[in-house]
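Dear colleague,

Please find below the structure that I am handing over to you. I would be grateful if you could read it alongside the notes that come after it.

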Amino acid sequence: MRKYIFDWSLVGDIGAGRPNLGAEVGVDIYRLMQFTLRDVIESRYGAEEADSIFYQAGKMAGAEFYKHAIHPVSTVEEFVRKTQQVLKNKRIGVLRIEEADLEEGRVVLTIDEDLDCSGLPELDYETCIYDEGFVAALFEGFTQQPWAAEEIDCWCTGARTCRFLVTQG
């Protein structure tokens, strides 16, 4: 039996629950939770399964985030503008669209100051698997079509920005 089926109510009433501390928390604490959780999952199930779990969790979060923070939007311009604004206001990152052809199902975007990795040491691999799912779900929410996202540049591989190729299908 599952105990924690996600519902937006699990975000809670932050104003009531944290009247003195508020909604803000440090990036270091967010990363502490994310990377310790990832370490446990990876040590138990392997890197490939951990990637799959993080991608799916990112998709679930992105779908919920779209419904509660971005929807309703009716045009591509409004979708991009509102998504940029909300991601910046929530301090998730600074979104820029480099290329976009929604009719062809292809978008290249960057997220500067990415919550998940900006400022981490250089590694031999991209780290933003959760973000891939999150970004794909934002496009799915807007278009009501399946999308996938793949990080093609990462702060951790020396790019100093996170760049994603987002494709429909």
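The notes below concern the strand pairing, the aromatic pairs and the charges over rings. Please bear in mind that the model is predicted.

Strand 1 (residues 94-101) and strand 2 (residues 106-112) run antiparallel and are joined by 7 bridges. Among the residues involved, Val94 has Asp112 in strand 2 as its bridge partner. The hairpin formed by strand 1 and strand 2 has 4 residues between the strands, and Gly105 adopts a positive phi near 75° there.

Turning to the aromatic residues, a search of the whole structure gives 6 aromatic pairs. One of them is edge-to-face: the ring centres of Phe6 and Trp8 are 6.5 Å apart, with the planes at 85°. Both residues are partly exposed, Phe6 at 33% relative accessibility and Trp8 at 30%.

Phe65 and Phe134 form a tilted pair, with 5.3 Å from centre to centre and 50° between the planes. Because Phe65 lies in helix 3 (residues 47-70) and Phe134 in helix 5 (residues 129-143), this pair ties together parts that are 69 residues apart in sequence. Phe65 is buried, at 9% relative accessibility, and Phe134 is likewise buried, with a relative accessible area of 11%.

Ring pairs also link Tyr66, Phe79, Phe139, Phe142 and Trp147 into a cluster.

Finally, two arginine residues deserve mention. The charged end of Arg38 sits over the ring of Phe54, at 5.4 Å from the ring centre. For Arg160, the charged end sits over the ring of Trp155, at 4.3 Å from its centre.

Yours sincerely

Definitions and conventions. Residues numbered from 1 in each chain as written. Predicted model: local features only at pLDDT ≥ 70, side-chain atom pairs only at ≥ 80, totals over all residues. Heavy atoms only, no water. Pairing = 2+ DSSP bridges. Helix = DSSP H or I, 4+ residues; strand = E, 2+ residues; numbered from the N terminus. Phe/Tyr/Trp six-rings, centres within 6.5 Å; stacked < 30°, edge-to-face > 60°. Buried < 20%, exposed > 50% of the residue type's maximum accessible area, 1.4 Å probe, protein only. Lys NZ or Arg CZ within 6 Å of the ring centre and 35° of its normal.
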